[in-house]
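These are my notebook entries on what I looked up in the model. I took a helix and a metal site in turn.

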Amino acid sequence: MTDAEPESLEELHDPSSEGLEGYNYAYLDEHTKREVRRATLKAISIPGHQVPYASRAMPLARGWGTGGIQASLSLLGPDDVFKVIDQGSDASVNAANIRRLAETTADIETTTDTTAASVIQTRHRIPEEVLTDDQILVLQVPVTDALRRVDGSDDRNRTRHAHADYSKMWVALYESVVQWGEVDIGARYPVMVEGRYLMDPSPIPRWDVPKLHDADNLFVFAAGREARIYAIPPHTDVEPLAFEDRSFRVEHFDEEACDACGSTDTFLTEVEGEDGERRFACNDTSFCEKRQRNSDCAKDDHLERSDIAWGPGTGIDPNGFVGDGGEDI
Amino acid sequence: MTFLDADGLTKVYGEGCSACLATTGPEYDRNRCPECDSVVACADVSFEVRDGEVLGIVGESGSGKSSVAEILALDADATAGTATIRGHGDVLDADYQRRREIRDEHLGMVHQHVHDGLNLSFTGGGNVAEKLLSAGWRHYGDIRSRVRGLFEETEVPVDRMDDSAETYSGGMQRRVQIAKAIANDPGLVVLDEPTTGLDVSVQARVLDTFRRLQREQDVATVVVSHDLSVVRLLADRVLVMRQGRIVEAGLTDRVMEDPHHEYTQTLINSII
Ligand SMILES: Nc1ncnc2c1ncn2[C@@H]1O[C@H](COP(=O)(O)OP(=O)(O)OP(=O)(O)O)[C@@H](O)[C@H]1O
Ligand SMILES: [Mg+2]
Ligand SMILES: [Zn+2]
Ligand SMILES: [Zn+2]
């Protein structure tokens, strides 16, 4: 390229002028990336602990994954394969925007196949397919502190974390069981990390919470607005908060199966068809497509091992999770 | 055996200066330091409480009773002094973690102001459960039956257990505080004005309940009141406080019948 003024709109929009031109590699300047990496490393070494970092303005509105994209961009290198999902879907506008930003500035390959990605950025879901020790899952976080459910003061909550004082949260669970007969928390179910820190796992469904425990992959949680990063390194002990005699349960879908692929062992969401009929469909769309091509495809098909605990039902279990009224973990 | 040994408990609100202690107290008839304007809420308060014994603290409003109670319950830091609890050393000197452990498992406090003692947006049962949860209880069924048992012991209607504490009468709230205070079988219970704000008939019933529980459980108790009749009913020994200092101490009967200090005489005469 020359420094000459562009002579036409076409030239201004010339796709070949996109890419690294004018931007630092992976959009963020090196200083920012170092800052985010430092926070991420610290977060990994203190599992579940919220580490502050200097969150930058991004070409996305805050609350749209600005924390996640900073974490992803500071991790990505030219050999990485990047996948972005928003509530299980690769196709959402938000996911596409984030993917394009990484593609154009970090010169990486992108994919929708969970098993082919090295870094996956996600909002509200953990993929159905088992992640491996070569993969990093970056979760976008709107609310960093699980204790905010019971006390709005971050100051007091920081003191509570410092002393592992979680009795207030326990009382809230007690009150919930008194009122509803069970712990009435859907998404953002509080978990204890290594028996030390209470952590907000971001708004993933309860279905995904058990995947955090003793996983092979690294989880990085990043909040842009609140400028905090926390992490769960591989093989960390992660336990959903629950009473000994009121165990944690994942969502159950009774007799329902995915309308598109027939799966009964995936997290389903209700969708309304054009005929106005309500149907259930896999929330993880890329895995659903695999199942549509091959209904025997298990969540750990890509692995040599097949005894991996990864959320409800790793393989296809004929007795499955269908209509069993939820699974005790 | 001595369960609690309090020595030189002092609480100064404000900057404090070297003149604070020497310029306040009953002989000056003030608790505010003329040099620096700090309030000496209590100073040099020393006493012992034996196992199963009830120690009363009486004195007019502002004499420093609640300050002593809050220090003992580890709800407030002392400016000076030590409080040695058998088996735990000086609990005022313990780090945050130890303090919390001691407060959760070995101390019980009934607060003068209900808002300091209960979270009114929680259920009554939840308030008691909090104490158990703090001490590490994690079995819901066990917690429920323990809370139910404590409601029965303190005579709070068990069928109100799952109602918000806000909807309880003052007497019930006081009983819930007592249930909470004794939930973990503490070695020491501190009651700050256990009957204030209650009807006279309700007062008597709350005191009866507490007296029965105290005898059954043989727990060392400090009861603070500006009401001499409360202390007369519950306490084996009594301290009389004025302007932050102890002016008289002795067996309750002796102090009531033969008060040595002029101030105590006025205090007693004013209620008879
Ligand atoms: N937070 C505070 N800041 C400043 N002064 C305080 C504070 N709390 C108490 N004081 C003062 O300390 C003194 C002792 O108060 P304290 O509450 O211990 O008295 P009390 O004997 O319990 O009185 P009452 O019978 O009214 O409850 C009073 O002069 C009071 O105004
Ligand atoms: Mg008081
Ligand atoms: Zn499907
Ligand atoms: Zn002074």
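For the helix entries I rely on this definition: helices are DSSP runs of H or I with at least four residues, numbered from the N terminus. The model is a predicted one.

Entry 1, helix 5 of chain B. I began at the end of the helix, where Glu155(B) follows with a positive phi, near 60°. I then checked the length. Helix 5 covers residues 140–153 of chain B, and its 14 residues should span 20 Å at 1.5 Å a residue; I found the end C-alpha atoms 20 Å apart, which agrees.

Which residues of helix 5 of chain B are buried? I listed Tyr140(B), Ile143(B), Arg144(B), Arg146(B), Val147(B), Leu150(B) and Phe151(B). These residues lie on the same side of helix 5 of chain B, because they cover an arc of only 170° around the axis. I next looked up what covers them: the cover includes helix 6 (167–180) of chain A, and also helix 4 (124–134) and helix 6 (170–182) of chain B.

I recorded the SG atoms of Cys258(A), Cys261(A), Cys282(A) and Cys288(A) as coordinating the zinc ion (ligand 3), at 2.2 to 2.3 Å. The angles among the 4 donor atoms run from 104 to 118°, and the site is tetrahedral. Along the sequence I read the donor spacing as C-x2-C-x20-C-x5-C. Cys261(A), in the loop between strand 10 (238–240) and strand 11 (268–272) of chain A, and Cys288(A), in helix 7 (residues 285–293) of chain A, are 27 residues apart, and the pair links distant parts of the chain. I noted both Cys261(A) and Cys288(A) as buried.

Conventions. Residues are numbered from 1 along each chain as its sequence is written. Chains are lettered from A and ligands numbered from 1 in the order in which they are written. This is a predicted model: local features need pLDDT of at least 70, side-chain atom pairs count only at pLDDT 80 or more; totals for chains, interfaces and linings use all residues. Side-chain values use heavy atoms; hydrogens and water are left out. Donors are N, O and S atoms within 2.8 Å of the metal (3.2 Å for Na, K and Ca); water is not among the atoms, so sites may look incomplete. Four donors count as tetrahedral if all angles lie between 85 and 135 degrees; four count as square planar and six as octahedral if opposite donors are over 155 degrees apart and all others between 65 and 115; anything else is irregular. Helices (H or I, at least four residues) and strands (E, at least two) are DSSP runs, numbered from the N terminus. Buried means under 20% relative accessible area, exposed over 50%, partly exposed in between (1.4 Å probe, protein chains only). The expected span of a helix is 1.5 Å times one less than its number of residues. The arc is that of the directions from the helix axis to the C-beta atoms. Contact means heavy atoms within 4.5 Å.
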